[in-house]
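Let's take a walk through a protein model and see what turns up. Keep the 3D view open as you read.

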Amino acid sequence: MEFPILSLMLAVPLVAAIACLFLSAQSARMVALFATLFDLALGVLLWLNFDIGGAQWQFVERAEIFAGFSYALGIDGIALMLIMLSVFLMPICILASWDAITKRVGEYMAAFLLMEVLMIGVFAAQDMFLFYIFFEAGLIPMYLIIGVWGGDNRIYASYKFFLYTLLGSVLMLIAMMWMVNDAGTTDIPTLLNYDFSPQAQTWLWLAFFASFAVKMPMWPVHTWLPDAHVQAPTAGSVILAGVLLKLGGYGFIRFSLPMFPEASAQFAWLVFALSMVAVIYTSLVALVQHDMKKLIAYSSVAHMAIVTAGLFAFNVQGIEGAMMVMLGHGLVSGALFLCVGVIYDRLHTREIDRYGGLSINMPKYALFFLLFTMASIGLPGTSNFVGEFLALAGLYKVSTLVTLVCTTGIILGAAYMLYLYRRVAFGEQRNADAARMPDLNAREWIMLAPIAAATLWMGVYPESFLAPMRQDIAALEVRMARAAPVGDSQLRVGEPMERNANFVAAAHDAEGAH
Amino acid sequence: MHPILFIVFLPLLAAIVGGFINKSAPSVVAKSITTGALFISCALSWPVFIGFWLGDSTATVVPVLQWMQSGDLAFDWALRVDTLTAVMLVVITTVSALVHLYSWGYMEEDPDQPRFFAYLSLFTFAMLMLVTADNLVQMFFGWEGVGLASYLLIGFWFKKPSANAAAIKAFVVNRVGDLGFMLGIFGTFLVFGTVSIPEILEAAPSMSGATIGFLGYRVATMDVLCILLFIGAMGKSAQLGLHTWLPDAMEGPTPVSALIHAATMVTAGVFMVCRLSPMFETAPVALGVVTFIGAATCIFAATVGTTQWDIKRVIAYSTCSQLGYMFFAAGVGAYGAAMFHLFTHAFFKALLFLGAGSVIHAMHHEQDMRYYGALRKEIPLTFWAMMAGTLAITGVGVLYVFGFAGFYSKDAILEAAFARGTEISMFAFWMGAIAALLTSFYSWRLMFLTFWGKPRWADSEHIQHAVHHGHDDPEDHNPAVQEDAGHDVTHAVPSPNYEAGTGGYHPHESPLSMLIPLGILSIGAVFAGFVFKDAFIDGADFWDGSIYFNENLIHALHNVPYWVKLTATFVMLIGLAIAWLAYIKDTTIPAKGAEQLGPIYRFFYNKWYFDELYHYLFIVPAFWLGRQFWKLGDVGTIDRFGPNGVAWVVEKGSVGAKKFQTGYLYSYALVMLLGLVAAVTWVLF
């Protein structure tokens, strides 16, 4: 048996989390930082040792527990990328909480470390019930982070968060039990190739959809997200936007699409319709927000709509694009929440109008904020462009109308993000206290610079990220091919024109006619 | 290593280095690095161009790095060099280098110079990436990159609300065009299975009879693809409908207007149509659209240009109008003529803008021509430079002898439109001819108001400020004059006597760093047409397949009747005569004319009310809808009947339910536990 690196990645933050509970504030911070950095190092090792083009499931570990339920871990390229995203953001979150969190630091760090365990667990789980446990338990630390360390209205936010996710998870659990009963296994790789009857697929798909749509979040079950973001501490928002919002998309890729291809095709119209509404609706809502975090939260809903639309395009570009949007959005929206956190820590308000002219007193900050704003808009050369471009290119093959509506997101996105940037960073320094804020300190610089580098790397040379996923997404496409919808483009090649459009008779011909 | 690598990446390197040094060193460091890099780029570009001009060079593609590969969609970062690119290379690097140099003088008192120069270099890099693109996506990269740089430079004086608004407007309106561009790329990929430009151009003729579904309609494939791509070009090149951002973009510093909003970025759309000309030649309807939009823009912008008072806005509308010429030239198939006008226009329009900048500099940031006058003697070098530019744009020349730059390029365009001989091309011809008259009128109007007559400086707030405070205050750089002008509908040109008119102010000629670029561009404005006309218009060998060369059309173009060849000169003289009558001979004519033509004048003066229309059509509804969705949708409906409704039901329900609600975490854990128990039970039994 090879070295159980995935278990180690789970064990390190788990042990650290327990340790944090018993440590003083400063030691808890140091332990958490060290543990997350160690996990990042393990993650890099994992990536380096991942055999691109090799076996579909790598680093497999398995221990039977009882009744077919087993502790089974293993990753493919898709899971690898999402694990990398999680372990990359985690040390940054610890740094972001360094000075901002002063009460119950040990418990706070423990909650974050536990979250890291559960996030890695979700992406690495190969047993359906193990997945379920990680998937649902991952919400508990988040729920605590909002409820204990959140803002003034944290109870309402955590209540909403809880209520929305509750409904979905119950339905998903019932569906899972039915599936195990039908297929006789909880092993995800086996289930991926198990054909459920089309009638069953319909119900199973809807049950899973209830859970994933909330996690995504899709319109109209998105209203928990703005409240959760607004009330969560900065690092909580980063993880929420960076990783937790990816659970829904991962769920679609791992369960809905490959396990219920017929049902996915059957309900593609529903996903498209909700995605189209989300792009327009939430973008316009983002335009009129006064609260920075709410604005970015609504923009997340719009971006995630591109993910869902891309996934249900049923082709390689659509799915790879959706994955790249998830990765890019994880970095960029995380970074945008960090940017909000930086100034929130100084002025303790998220009200956009309380800022203004920050380019003058915080030029370094303004530069980072500009980069992430542009990335969020999907400027080519940044991570989000790669994803959006591929997702929409894939979507175009299926439906020109859906693509047209979803692509308007690039106009609206530019409008609300630039409007935000203008009010925060440009203009006169209207408020004396905002004008006095110091520029980024070393800790904040260290938080933002790696994300900036990753954003550009992903934009200029996305091959590093696409290559590990290529084989898995190709397999997924093959798996879904039998249900793939027919596009509305329907190219029909006719008889080519004999002449170019601006053909002019040669001069001597004209003379000859006389 | 191929020189193109240095040409393209030196400006990027300079932008990064200059940007990071920023204010940690004296601004001369960042300025020297960026300007030096641009002059090296320029020096390397000319040999490339001359190589193609002499026919020594052949098209090459220099690979740089893999970019994206997703299924059958694959493309790389690569730099393509052919004749078309080479033309753009010299235009971009030359104007950019000169604008960098010019900015040493123009921006001298600005506290933020390193940032300005870094942006300029960044822009140049993005523009070079655009013109060297070998695939549509890299072109889109450059396209968006120049959009970013344009946004940053328009909003360079970011404390001014009007500059910020203009910057956002430029970006967002361009994004509307980009929507078309992106859909065009997607459609092209769908049809041809590739985004590589050479492969698309080669395969395009075979698809000329194909049809395709689009938004539920069945349409000609090539037409819909080309129209989608052209919508992108309309945004970037400020064509009618998507033009509203360009005049507002004048909020940026004047060197920016010269580089980005006259010579280079706004011509990207024309470049795109020419680059894809073999593709457009398979799409007759799309070409009709290009011709019509070009002709309509040409006349629209010219009418507005005749009524504006802000010197930069006149030139901005002039740019918009000249871009219209380029588009309808491309639309009728005279791609060489379109590129020729792009080439000459770059020189004379950059010259006019930089000249205007020099006037503004001399007049202490006053941009309203009503407060100019009699500057001929005060700033003679600027005057002669502006004169060269005006002679070039109005197309002064004598057939078969010599003409200034615009004489050759504009004539070729009008002749091509006439020679093409379809209804739509004749429409373009007549619109172009009328626009040429208006061009001559507004250009000479600008010259006469600025350099002739008596001084009218005393009433200018800027001049008064300068006289009283004595020194330039960078804080009030370039305030928005347009707002003042907007309220004034009398339009009488004040003409007090000379002594009172100066207000005691003495305009000063610009420093050498500003005059040298003016001098070099003047040479271009005078000779660029005469020297390069044969290569650009007739040179099938020169273009060497980099654009679609319509041999028969070029023959027909040379054989148009004499009255057609003389039309441009004729209307130019009429325009000059009217301008002379109205602004030299009898200066009461403009006010009387404006009064008599009342509604028409106001229609032109208010830019055909496009801004007002869009404000009420798009901006107001967008914010209104946003608020409705938020307050009535999210809060009023989804939350009310969703989570809050559930809370209400639970609260009103029972004591037991209340207990449930108080312990969220426990209840959550409880539900999970129950779920798990149920699961195990189900599986086991």
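## Where the two chains meet

Keep in mind that this is a predicted model. Start with the contact between the two chains: 99 residues of chain A touch 99 residues of chain B. The size of an interface is often given as the accessible area lost when the parts come together. For chain A and chain B, the buried area is about 8,700 Å², with carbon and sulfur atoms giving 72% of it. On the chain A side, F389(A), Y396(A) and N502(A) lose the most area to chain B, and together they make up 8% of what that side buries.

How many salt bridges does the rule find across the interface of chain A and chain B? There is one. If you'd like to look at a salt bridge, go to K397(A) and D72(B): their side chains meet at 3.9 Å, N to O. That pair passes because the cut-off for a salt bridge is 4 Å.

## An open space: the second largest pocket

Next, some empty space. Rolling a probe the size of a water molecule over the atoms shows where empty space is left. The second largest pocket has a volume of about 1,600 Å³, and 39 residues line it. To find its centre, look for K169(B), D611(B), Y614(B), H615(B) and I619(B), which lie nearest to that point.

Sorted by class, the pocket lining has 22 nonpolar, eight polar and nine charged residues.

The largest cavity holds about 130 Å³ of space. Its lining counts 14 residues, and those closest to the centre are H303(A), E388(A), G409(A), I410(A) and G413(A).

Four helices of chain A give two or more residues each to this lining: α13, α14 (292–311), α17 (363–377) and α19. The largest share, six residues, comes from α19(A). By class, the residues around the largest cavity split into eight nonpolar, five polar and one charged.

Now for a pair of strands. In chain B, β3 (residues 211–214) and β4 (residues 217–220) run antiparallel and pair over four bridges.

## Backbone details in chain A

The peptide bond from M216(A) to P217(A) is cis, with omega near -10°. The bond from W219(A) to P220(A) is cis as well, and its omega is near 5°.

One last stop is H348(A), a residue other than glycine with a positive phi, near 55°. You'll find H348(A) in the loop between α15 (316–347) and α16 (358–361) of chain A.

Note on methods. Residues are numbered from 1 along each chain as its sequence is written. Chains are lettered from A and ligands numbered from 1 in the order in which they are written. This is a predicted model: local features need pLDDT of at least 70, side-chain atom pairs count only at pLDDT 80 or more; totals for chains, interfaces and linings use all residues. Side-chain values use heavy atoms; hydrogens and water are left out. On a 1 Å grid over the protein atoms alone, a cavity is a set of points where a 1.4 Å probe fits but cannot get out, and a pocket is an open set with protein on both sides within 12 Å along at least five of seven lines; lining residues have an atom within 4 Å of a point. Grid points are joined across faces, edges and corners, and a volume is the space filled by probe spheres set on the points. Ala, Val, Leu, Ile, Met, Phe, Trp, Tyr, Cys and Pro count as nonpolar, Asp, Glu, Lys and Arg as charged, and the others, Gly among them, as polar. Two strands pair if DSSP finds at least two bridges between them. Contact means heavy atoms within 4.5 Å. Buried area is the accessible area (1.4 Å probe) that two parts lose on being put together, summed over both.
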